[in-house]
Amino acid sequence: MTEQLPEWRVTDFPTGADDKRYTMLRETIERETAAVIAQKELFRAGSLSTAEMFTLFNRWNAVVEAIESLHAWATFRYHRDTDDAAAKSYSDRIDREVAGWHAAFVFLTSGIQAWSVAYADAALKAPELAPYRWMILSCTHRRSRPWNG
């Protein structure tokens with residue numbers, strides 16, 4: 001099966017803080033980050049059902065896509081004219097915010113590493129989690145045990 005990658009167009013990106021797409025992306029980041037973080041302890045404890053985990057991963061993915069849209073525009077805008085002080089300032093601000101947003105999700109990898117072997121194996125075998133199998137595998141391989149699924 002070939003994975004369908006998203007197609008990005010520059011016109012999809014917000015053009016600045018006054019653009020409604022910017023506001024929508026920020027709202028997505030805030031709302032979905034809060035929803036994911038609310039599940040943090042259950043995630044780390046391996047207490048979520050596969051359906052709940054699927055929802056959590058989808059919310060995390062929505063945040064990542066929103067962050068990347070903001071970051072892509074800021075970077076593009078700055079690199080289009082590196083002498084533009086406003087573009088540089090905007091790009092620097094988004095870079096700082098991106099770092100903070102990504103830091104909020106560090107618990108995902110440490111949480112997966114904290115799962116029991118049985119819980120991790122069940123997650124790896126769950127068909128609905130197939131899009132996120134790469135993440136689970138990349139975190140569980142540190143246990144030095146192969147997954148035979």
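**Notes on helix packing and the core**

1. A friendly reminder before the details: this is a predicted model. Sorted by class, the H3–H4 contact holds 11 nonpolar, four polar and four charged residues.

2. How do the axes of H3 and H4 cross? Helix H3 spans residues 50–80 and helix H4 residues 85–103; their axes come within 8 Å and cross at roughly 155°. Angles over 145 degrees count as roughly antiparallel, so H3 is roughly antiparallel to H4.

3. Next, the largest nonpolar core, which has 37 residues; Phe43, Phe57, Trp60 and Trp115 touch the most other members. Two or more residues each come from H1, H3, H4, H5 (106–114), H6 (117–125) and H7 (133–140). The largest share belongs to H3, with 11 residues.

4. Beyond its neighbours within four places in sequence, Trp60 is in contact with Val36, Phe105, Leu108, Tyr132, Trp134 and Met135.

5. Finally, is Asp19 buried or exposed? Asp19 is buried, because its relative accessible area is 10% and the cut-off for buried is under 20%. Asp19 lies in the segment before helix H1 (20–38). Not counting residues up to four places away in sequence, Asp19 touches Phe13 and Pro14.

Conventions: Residues are numbered from 1 along each chain as its sequence is written. This is a predicted model: local features need pLDDT of at least 70, side-chain atom pairs count only at pLDDT 80 or more; totals for chains, interfaces and linings use all residues. Side-chain values use heavy atoms; hydrogens and water are left out. Helices (H or I, at least four residues) and strands (E, at least two) are DSSP runs, numbered from the N terminus. Buried means under 20% relative accessible area, exposed over 50%, partly exposed in between (1.4 Å probe, protein chains only). Contact means heavy atoms within 4.5 Å. Axes are lines fitted to C-alpha atoms, for helices over the stretch in contact, and angles run from 0 to 180 degrees between N-to-C directions. Angles under 35 degrees count as roughly parallel, over 145 as roughly antiparallel, 65 to 115 as roughly perpendicular and the rest as oblique. Ala, Val, Leu, Ile, Met, Phe, Trp, Tyr, Cys and Pro count as nonpolar, Asp, Glu, Lys and Arg as charged, and the others, Gly among them, as polar. A nonpolar core is a set of buried Ala, Val, Leu, Ile, Met, Phe, Trp, Tyr and Cys residues joined through side-chain atoms within 4.5 Å.
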